[in-house]
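Please keep the sequence and the model in view while reading.

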Amino acid sequence: MHLNKNAFALITGASSGIGQATAEGLAALGKNLIIVARRKDRLEELHQRLEKEHGITVKTYSLDVSDLRAVETFYQDIAGLKIDMLINNAGLSRGKESFEDYNFSDWEEMIDVNIKGFLKIAQLAIPFLKATKGHIVNLSSTAGLEAYEGGNVYGGTKSFVQMISKSLRIDLITTGIRVTDIAPGMVNTEFSSVRFRGDKARSEAVYKGYEELSADDIADNIVYCVTRPPHVNIESLVVYPTAQASPRIFHKK
Ligand SMILES: NC(=O)c1ccc[n+]([C@@H]2O[C@H](COP(=O)([O-])OP(=O)(O)OC[C@H]3O[C@@H](n4cnc5c(N)ncnc54)[C@H](OP(=O)(O)O)[C@@H]3O)[C@@H](O)[C@H]2O)c1
């Protein structure tokens, strides 16, 4: 296993779900962390716990990645730190309506976070990652590979992430920076609760009748990708629950 314990992993969306589980997985290996999300209380709890349990250094930043000026200030604040991993994970879905009925501001929120925030976080990380021959892991989705009812713009933002991952592989080829795209199927996190704005019945129904993935399942795959030797780049992984064959096809009991 290859891991530089003197450099930091920067994880966006670390206050919940896949980002939090990845922070926990990397911390357990002794990796220092910079954890970012909007909910400061969640980050602080994680910060204290991971430092105590694993003797690592954790830095916490409350940041809305869709506030592009705030992202610039954040990178100015961490200038000088050695970073060799970016887990570009912060993202969300809002709503699941037919195209003609969609609330336009829900589309805008997804575009602002999943596309514009994602891009700004990635671009400003590159000088740090060049210095360490680091690794970028982008979280796309199987929703970016195949369309489903009501997935329209969310799916589009995740296809965008997949295309940018491929572009980064090309544009960064001379730098030694690795780029991996992870496309998960159904993972039980706060994702559906955010999508359906806290509608418990609707969000719980998403995970009923089959064994869905956990955030730890995806974190396990991320940790695997970032601990391969420097000459090995896993370009993409598509990870489904066994009982899911596409965004629309499930075997439910
Ligand atoms: N769950 C799934 O089935 C699934 C499947 C495929 C792909 N994904 C992708 O995986 C990634 C992680 O999702 P998850 O399932 O772990 O969902 P989650 O539990 O809702 O976590 C999302 C994380 O993103 C952060 N975030 C959202 N908007 C943000 C913003 N404007 N600025 C900063 N941070 C923001 C949230 O933190 P705060 O709210 O504290 O800011 C939270 O930490 C997303 O990109 C999602 O699209 C999820």
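Which residues of helix 2 are buried? They are L43, L46 and L50. A residue is called buried if 20 or more other C-beta atoms lie within 10 Å of its own, exposed if 12 or fewer, and partly exposed in between, with C-beta atoms placed from the backbone. An α-helix has 3.6 residues a turn, so residues three or four places apart point the same way.

The model is predicted: local features need pLDDT of at least 70, side-chain atom pairs count only at pLDDT 80 or more, and totals for chains, interfaces and linings use all residues. Residues are numbered from 1 along each chain as its sequence is written. Helices (H or I, at least four residues) and strands (E, at least two) are DSSP runs, numbered from the N terminus.

**Helix 2 and its surroundings**

The face of helix 2 turned away from the buried side carries the exposed residues D41, Q48 and K52. Among the elements that cover the buried residues of helix 2 are helix 1 (17-28), strand 2 (32-37) and strand 3 (58-62). After helix 2 comes G55, which has a positive phi near 65°.

The length of helix 2 (residues 40-54) can be checked: at 1.5 Å a residue, its 15 residues should span 21 Å, and its end C-alpha atoms are 21 Å apart, which agrees. The expected span of a helix is 1.5 Å times one less than its number of residues. For helix 8 (residues 215-226), the 12 residues should span 16 Å, and the end C-alpha atoms are 17 Å apart, which agrees.

**The nonpolar core**

A nonpolar core is a set of buried Ala, Val, Leu, Ile, Met, Phe, Trp, Tyr and Cys residues joined through C-beta atoms within 7 Å. The largest such core has 60 residues, and those with the most contacts inside it are L10, I11, A23, L33, I35, I218 and I222. Helix 4 gives the largest share of this core, 8 residues.

L33 lies in strand 2. L33 is buried, with 27 other C-beta atoms within 10 Å. Two residues are in contact if their C-beta atoms, placed from the backbone, lie within 7 Å. Leaving aside residues up to four places away in sequence, L33 touches F8, A9, I11, A23, L26, A27, L50, I56 and V58.

I218 is among the buried residues of helix 8, together with A215, A219, N221, I222, V223, C225 and V226. With residues up to four places away in sequence not counted, I218 touches I18, A21, I182, P184, V187, L213 and V239.

**The shell around the ligand**

Which residues come nearest to the ligand? Of the 32 residues around the ligand, these are G13, G17, R38, R39 and G91. A residue is near a molecule if its C-beta atom, placed from the backbone, lies within 6 Å of it. Helix 1, helix 4 (104-132) and helix 6 (191-195) each give two or more residues to this shell, and the largest share, 3 residues, comes from helix 1. By class, the shell has 15 nonpolar, 12 polar and 5 charged residues. Here Ala, Val, Leu, Ile, Met, Phe, Trp, Tyr, Cys and Pro count as nonpolar, Asp, Glu, Lys and Arg as charged, and the others, Gly among them, as polar.

**Pairs and loops**

The table lists pairs of residues with their separations.

| Pair | Separation in sequence | C-alpha to C-alpha distance |
|---|---|---|
| G150 and K96 | 54 residues | 4.3 Å |
| M1 and T227 | 226 residues | 5.4 Å |
| L33 and H47 | 14 residues | 8.8 Å |

G150 is placed in the loop between strand 5 (135-139) and helix 5 (152-171). With 17 C-beta neighbours inside 10 Å, G150 counts as partly exposed. M1, in the segment before strand 1 (8-12), counts as exposed, with 9 C-beta neighbours inside 10 Å.

K133 has a positive phi near 50° and is a residue other than glycine. K133 is in the loop between helix 4 and strand 5. R197 also has a positive phi, about 50°, although R197 is not a glycine. R197 is in the loop between helix 6 and helix 7 (200-205).
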